[in-house]
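Please keep the sequence and the coordinates in view while reading.

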Amino acid sequence: MATGIPSRNSRKSQKQNVIPFRLEYEGKIPIEDILKIPVAKLHRIISIDQHPRNRLIYGENLRVLSSFLNDDTIAGKVSLIYIDPPYATGSSFESRQRDHAYHDLMEGAEYLEFLRQRLVLLRELLSDEGSIYIHLDDKMACAVKIIMDEIFGSKNFRNLITRKKCNPKNYTRKQYGNTADYILFYTKTDNYIWNQPFNPWTETTAKKEYQYVEKETGRVYKKVPVHAPGVRKGATGQPWRGILPPPGKHWQYTPETLDEMDARGEIYWSPTGNPRRKVYLDNSQGISVQDIWLDFKDAHNQNIKITGYPTEKNPDMIKRIILASSNEGDIVLDAFAGSGTTAAVAEELGRKWIAIDNSQLAIATIVQRLVKGTEAMGDFINGNSSAKHEQKCLIGINRILRSGLDLYIEETPELDFISDNVIHDWDSKLNFQANLV
Ligand SMILES: C[S@@+](CC[C@H](N)C(=O)[O-])C[C@H]1O[C@@H](n2cnc3c(N)ncnc32)[C@H](O)[C@@H]1O
């Protein structure tokens with residue numbers, strides 16, 4: 001049934017009778033109250049005076065996002081949000097150097113409301129052409145989908161992407177091994193930035209799909225129907241060259257367009273006189289990307305470069321998202337920045353970026369990453385990582401940051417204090433690299 005083609009009439013009647021549903025739980029506060037959440041007091045502590053000016057913020061993201069509502073350079077101007085929040089694992093996380101990174105201890109309704117409040121604010125920051133991607137695992141993805149339908153509207157749900165996150169493990173539990181996590185993709189409206197991603201054809205996949213060679217030109221092609229499901233009363237429902245579309249179908253093109261295609265040699269006529277359209281391999285950009293992503297496992301061998309921050313995501317996966325859902329110069333925001341994967345990839349792709357995290361280790365990791373890039377995972381495993389030690393030479397060709405930066409910290413007793421020495425160290429590393437340009 002799932003791959004069947006519903007009749008047009010049955011779809012219409014279903015739409016008229018849709019009864020909306022919500023997720024109710026204790027502690028769910030009204031949207032109006034979320035929009036009045038107190039703002040963060042932000043202090044700029046480091047600046048790199050180049051254009052564009054990206055923002056890295058050490059702060060509690062709820063208050064930081066709330067303060068962005070009053071910033072007309074951000075509110076309604078963000079093209080893309082990617083977040084990879086805590087997953088309600090009930091665990092705390094450490095870096096590969098065994099330093100505390102962050103807690104992920106909220107569960108149930110407390111977790112859902114934590115995320116919901118941030119999602120409400122994030123929606124306000126998106127431009128009308130904007131998109132949001134939320135990375136979760138199998139524990140909360142289904143509940144968050146319902147919350148997202150409430151906030152963004154189910155009509156703005158685009159995909160639930162399944163990502164293969166790791167190689168198969170030897171599971172001893174009585175269940176299937178878990179190698180997947182999930183990315184919910186929503187847009188603010190139905191007029192959104194979309195640069196269709198394609199996977200290139202391999203020789204085998206191309207040969208399987210495109211089996212014919214045009215004698216006159218040598219071009220490789222496949223044959224596809226020129227009709228589509230559904231009955232039409234207009235020109236596409238009428239006979240073309242004396243042939244009616246098959247029962248329950250219509251021509252995909254008007255008779256005039258079909259004539260033009262035939263004149264160009266783009267219609268194949270079977271020996272029994274049935275028309276089919278020729279689709280040429282050399283006109284194809286590849287196979288359009290689907291909603292199962294198998295190629296973006298997180299660090300899984302010793303040559304892969306990482307920062308050593310826990311739960312660090314595959315930069316190529318973020319690259320796919322940024323390329324598909326933003327254009328150069330657009331603002332990309334990550335409110336759970338971690339090791340700064342989104343920031344680093346956005347920088348590489350010429351986007352402006354905003355990264356927020358309330359872990360001091362995350363901010364230190366991002367500064368290090370911007371200055372010096374990442375290191376092979378084997379170095380962490382073998383204890384050779386320089387991440388913890390002072391760099392002998394700061395002139396790193398792996399430097400990520402090429403544009404400007406403002407680093408803010410939130411003034412609040414809730415966050416771990418950052419000493420003047422640390423700030424001075426970050427400042428000199430960042431500005432030293434920036435002045436090399
Ligand atoms: C799963 S990690 C993100 C990893 C990141 N995607 C990467 O590639 O490195 C989640 C991050 O959210 C941060 N975080 C959790 N709660 C936060 C909050 N309320 N405000 C700001 N950051 C928060 C944590 O400190 C942690 O760094």
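Tyr221 stands opposite Tyr280 in β15. This is a predicted model, in which local features need pLDDT of at least 70 and side-chain atom pairs count only at pLDDT 80 or more, whereas totals for chains, interfaces and linings use all residues. Residues are numbered from 1 along each chain as its sequence is written.

Strand β11 (residues 220-225) and strand β15 (residues 275-280) are joined by five bridges in the antiparallel sense. Strands here are DSSP runs of E with at least two residues, numbered from the N terminus, and two of them pair if DSSP finds at least two bridges between them. The pair belongs to an open, antiparallel sheet of four strands, ordered β10-β11-β15-β14. Its edges are β10 (212-213) and β14 (267-269), each of which pairs on one side only.

A second open sheet has 10 strands in the order β1-β22-β2-β20-β19-β3-β6-β8-β7-β17, with mixed pairing. Because β1 (42-48) and β17 (292-293) stand at its edges with a single partner strand each, one side of each is left without a neighbour in the sheet. Within this sheet, β19 (residues 331-334) and β20 (residues 352-357) pair in the parallel sense over four bridges; Ile331 has Lys352 of β20 as its bridge partner. In general, strands of a sheet pair through backbone hydrogen bonds, either parallel or antiparallel.

An automatic or database domain assignment divides the protein into domain 1 (29-197 + 289-434) and domain 2 (203-283). The centres of the two domains, taken over C-alpha atoms, are separated by 46 Å.

The largest nonpolar core has 78 residues, among which Ile81, Leu122, Ile366 and Leu430 touch the most other members. Such a core is a set of buried Ala, Val, Leu, Ile, Met, Phe, Trp, Tyr and Cys residues joined through C-beta atoms within 7 Å. A residue is buried with 20 or more other C-beta atoms within 10 Å of its own, exposed with 12 or fewer, and partly exposed in between, C-beta atoms being placed from the backbone. By that criterion Tyr171 is exposed, because 11 other C-beta atoms lie within 10 Å; Tyr171 is found in the loop between β7 (157-164) and β8 (180-187).
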